[in-house]
Amino acid sequence: MSQQGYVATPPYSQSQPGIGLSPPHYGHYGDPSHAGSPPGMMKPAGPLGAAAPGGMSPQVPSPPGPHQFGQNGAHPQGHPPQRFPGPPPVNSAAPSYAPYSPSTQSSYPSPASTASVTQLASQLNAMHINSYGSGMALPGQGLPGPPAPLFQGLPRPPQPSIMQPGSQVLPPPPTALNGPGVSPLPSSTHRQDGLPGPAPLNAQYQPPPIPGQTLGTGYSPQQAASYGPQMAGGQLSYPGGFPGGPAQMAGPPQLQKKLDPDSIPSPIQVIENDRATRGGQVYATNSRGQVPPLVTTDCVIQDQGNASPRYIRCTTYCFPCTSDMAKQAQIPLAAVIKPFATIPSNETPLYLVNHGENGPVRCNRCKAYMCPFMQFIEGGRRYQCGFCNCVNDVPPFYFQHLDHIGRRLDHYEKPELSLGSYEYVATLDYCRKNKPPNPPAFIFMIDVSYSNIKNGLVKLICEELKTVLEKLPKEEQEETSAIRVGFITYNKVLHFFNVKSNLAQPQMMVVTDVGEVFVPLLDGFLVNYQESQSVIHNLLDQIPEMFADSNENETVFAPVIQAGMEALKAADCPGKLFIFHSSLPTAEAPGKLKNRDDKKLINTDKEKVLFQPQTNVYDSLAKDCVAHGCCVTLFLFPSQYVDVASLGLVPQLTGGTLYKYNNFQMHMDSQQFLNDLRNDIEKKIGFDAIMRIRTSTGFRATDFFGGIFMNNTTDVEMAAIDCDKAVTVEFKHDDKLAEDSGALIQCAVLYTTIGGQRRLRIHNLSLNCSSQLADLYKSCETDALINFFAKSAFKAVLHQPLKVIREILVNQTAHMLACYRKNCASPSAASQLILPDSMKVLPVYMNCLLKNCVLLSRPEISTDERAYQRQLVMTMGVADSQLFFYPQLLPIHTLDVKSTALPTAIRCSESRLSEEGIFLLANGLNMFLWLGVSSPPELIQGIFNVPSFAHINTDMTTLPEVGNPYSQTLRMIMSIIQQKRPYSMKLTIVKQREQPEMVFRQFLVEDKGLYGGSSYVDFLCCVHKEICQLLN
């Protein structure tokens, strides 16, 4: 499999027909205003600022642009300073090219470029983003006709020959010339994955193409012909690609056409190719360091000794052997762990291992749990721990003889010896106070202030609770749920309800002292729903009437959480608070908040304050909640600013969920809210959890992101963790790693089940280690990288200016790609952009992250919305963050009503929409149905049951049930998209050229943002320029 991607060329001395590029202009991506920059002075390209980082390259002084990445800029507090390090000077990079044979890279010297920009088209269009299969060319994406030429500009006289600084940095790698098994062809004409490649186009010599040259699959001969000469490794040239000397600056400014978007890597193409090669197949986890199918690919996962990628995904499945290598590549080493992930019905659920009073077998030294990485020796009497190498005695109850290959005879009968994931029944040693836990409780806490009563919200909640309480989660083998329930209502004071089963009517007790909350009753507050059903229904009918005449508009908030926690503490059980709240808590009480929403702070260094809680009351409250196993889930119904950054802190730190419904309107929003409530109550969840990550020697977990609380550096504490919550863990070296033993990770979660049983859930994963950078790049997973970058950036938002964070992200992107270019790609002109196969779409996804409203404010997005999105991303798994940053956009007008398959997605860009089309966009929080002005009337009739475009009512949030195939297929597609997602997506109908289209456009993430934020094409140019700076 070739490693090479994606290439762009410099000005050389000699003119060649058909291929060429004029000398680049600094900072000049289609904006003539920058063209006249004096030599050595760089203007920022686009809002991200693409100036070179200060101190980045010892040879070139850093240009004075406004957007310098200070190499010694502030580091986020609480982050190890190496989190976003500035790049090392180029000359200190590790020696290039240790010989490496298993999967040698192929990349080719770029064709010489010429004076005239106009002729670049053929070269660009032959651009081949490497391995979409083996050497499949990108432009064959099924888009008709050759793309337009890249840049049109004035012809320029041939340049004097300029030796490119990049060309000295890149001697040919030994493998390409004399590595094992290389054919006698010159290295550049030989694709190392065994496909003949095109000849190099040198300035001096142009050999004929090799006969019978292979065109990538997916390419018709006519298509290939229309794209000009086939260039392996795809050449892509930009103006501004190469920092030139003054001679190259002279000449008239160029009027440029943008890069053709069809010629740059497409996320859709990458997703579709992975589906084509790996979809629907069985993926067995039997070998170390395998890269799993993408999160967007449906397959059946078979646990054969490593945890399923549904539970753990890594940023790379091959760790570098040394910390120097890790620093050189700057690829974060991280795992995104979703310990309670939902497993589809066609995969085996986790086995439960019960050793009775003996409890799980563990290493005496490092306390790792028995797993497939333990090696049995001495006839089975002892075992060597795979994590710390300590040799332990096998407990007598666990002894078993070994077979002829040293494996225990019961290897396949014991889940903990043959599987990557399994559970243990925990003994009393693993329980609080060494006694079995009580089953958890759910407490429902309803804000009954004036506005909630008036808009019908309280009545809606009370009605719905009668239904959802029938569906409380229960252990699989049990008839009824063991969960007990309790009810509190509140405004400025708290009302507790006694719903004991022997009462004829519920009783209310009022607590007015919100400064020192106590629980006024123990017996009758938490009850079994089945037993007290009639009293509870009675209460739920009475609550809306009881407060119907209340004019109380002020509310408290912290005392509500305090009350719930105290009730759980008194009952000595873990549990979950469901709080339904709608306003800023302004009443006199702990946790009282004021409106501090200040637009003047935006784009200043003080902007970070908007993401920090106003008071430390909520932080200490969260700490108490975690200590008592009290998880808080908050349903917010704000009609104005409510300070999500403060109110959302307890839900985040206790492993709860925050749901937000702006300007809640009964007829439009109730369905979305009810779906969320039902889903939240029924989902798989563990309580009072502690997670520990153990690693083999040589590296360790250093940083954790998620809905977690940490009292020390190793114990990840969660009041609860559910099937949608992920914890992202970063690893750092503390010694060398060995290639033969690999890197082992064991995640152990101790928790209480919904039935009150204490268990341990274990996930094990083995990764490869290599001293070759190429292996590291080959095993990366871009979706997991973006999950990591998003969380580390969103954590840093609390401490650092956003501009600094954005610059660090651009810088690190360029650094990772420059390191690949320098150490793994075959030599080629320095102004070529070459992307590793596994990171082809890193730039487009990174640009989506940079444009997210958390990192880049937009006037129409409220402070609360930004705080909300920040919080959601912090607990997302890889599949959710992938969809959130790069939404799914489906053409609906091409639906095949006979098929159940989803239509193939298209790229998120306005240029992909058509007036005759209807498109569905989803990002996990929102769903839009966009209607072109010339949408086919029969489709409109079929979906909306109205005769024409003009008749469609855009206020609807659910599609009408029209009994025809179009309507049924579209509704089925929407439910498939919704199925696996943690939040219910509210549907918005958008008509082309009407006002709400502005909101929809923000989700077309490949386009330029309305309020700043580069287009994908511009960002690629910006990153490319950064890389060139780094390589010089």
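# Questions on sheets, contacts and salt bridges

User: In which sense do strand S27 (residues 926–931) and S28 pair?

Analyst: Helices (H or I, at least four residues) and strands (E, at least two) are DSSP runs, numbered from the N terminus. Two strands pair if DSSP finds at least two bridges between them. S27 and S28 share 6 bridges, and the sense of their pairing is parallel.

User: What kind of model is this?

Analyst: Residues are numbered from 1 along each chain as its sequence is written, and side-chain values use heavy atoms, with hydrogens and water left out. Local features need pLDDT of at least 70, side-chain atom pairs count only at pLDDT 80 or more, and totals for chains, interfaces and linings use all residues, the model being predicted.

User: Which residue in S28 is the bridge partner of Trp930?

Analyst: S27 covers residues 926–931 and pairs with S28. The bridge partner of Trp930 is found in S28, and this residue is Val990.

User: Which strands stand at the edges of the open sheet of 4 strands, and why is one side of each left without a neighbour?

Analyst: The sheet has mixed pairing and the order S25-S26-S27-S28. An edge strand here has a single partner strand, so one side of it has no neighbour in the sheet. The strands at the edges are S25 (888–891) and S28 (986–991).

User: At what angle does helix H24 (residues 965–979) run to S26?

Analyst: Axes are lines fitted to C-alpha atoms, for helices over the stretch in contact, and angles run from 0 to 180 degrees between N-to-C directions. H24 lies across S25, S26 (918–922), S27 and S28. Its angle to S26 is about 15 degrees.

User: How many residues of strand S21 (residues 716–722) are buried?

Analyst: Buried means under 20% relative accessible area, exposed over 50%, and partly exposed in between (1.4 Å probe, protein chains only). S21 pairs with S19 (residues 685–695) in the antiparallel sense over 6 bridges, and Gly686 stands opposite Ile721 in S21. S21 is mostly covered, the count of buried residues being 7 of 7.

User: Why does the salt bridge of Asp724 and Lys683 tie together separate parts, and how many residues apart are they?

Analyst: A salt bridge is a side-chain nitrogen of Lys or Arg within 4 Å of a carboxyl oxygen of Asp or Glu, and the closest N and O atoms of this pair are 2.9 Å apart. Asp724 lies in the loop between S21 and S22 (727–733) and Lys683 in the loop between H16 (666–682) and S19, so the pair ties together parts separated in sequence by 41 residues.

User: Which residues are linked with Lys683 in a network of salt bridges?

Analyst: Lys683 is buried, and so is Asp724. Both belong to the network, in which Lys683 is linked with Asp722, Asp724 and Lys725.

User: Is Asp775 buried or exposed?

Analyst: The side chains of Lys778 and Asp775 meet in a salt bridge of 3.8 Å, N to O. The two are 3 residues apart in helix H17 (residues 773–778), so about one helical turn separates them. Lys778, at 29% relative accessibility, counts as partly exposed. Asp775 has 13%, so it counts as buried.

User: What is the relative accessible area of Arg907?

Analyst: Arg907 forms a salt bridge with Glu1006, with the closest N and O atoms 3.0 Å apart. Glu1006 lies in the loop between H25 (997–1001) and H26 (1016–1031) and Arg907 in the loop between S25 and S26, so the pair ties together parts that are 99 residues apart in sequence. Glu1006 counts as buried at 7% relative accessibility. Arg907 is also buried, and its relative accessible area is 3%.

User: How far apart are the C-alpha atoms of Ala867 and Gln612?

Analyst: Ala867 is in helix H21 (residues 863–874) and is buried, with a relative accessible area of 6%. Leaving aside neighbours within four places in sequence, Ala867 is in contact (heavy atoms within 4.5 Å) with Phe611, Val644 and Ala645. Ala867 and Gln612 are 255 residues apart along the chain, yet the separation of their C-alpha atoms is 8.9 Å.

User: How many strands does the protein chain have?

Analyst: The protein chain has 1032 residues, of which 62% count as buried. Its secondary structure comprises 26 helices, and the number of strands is 28.
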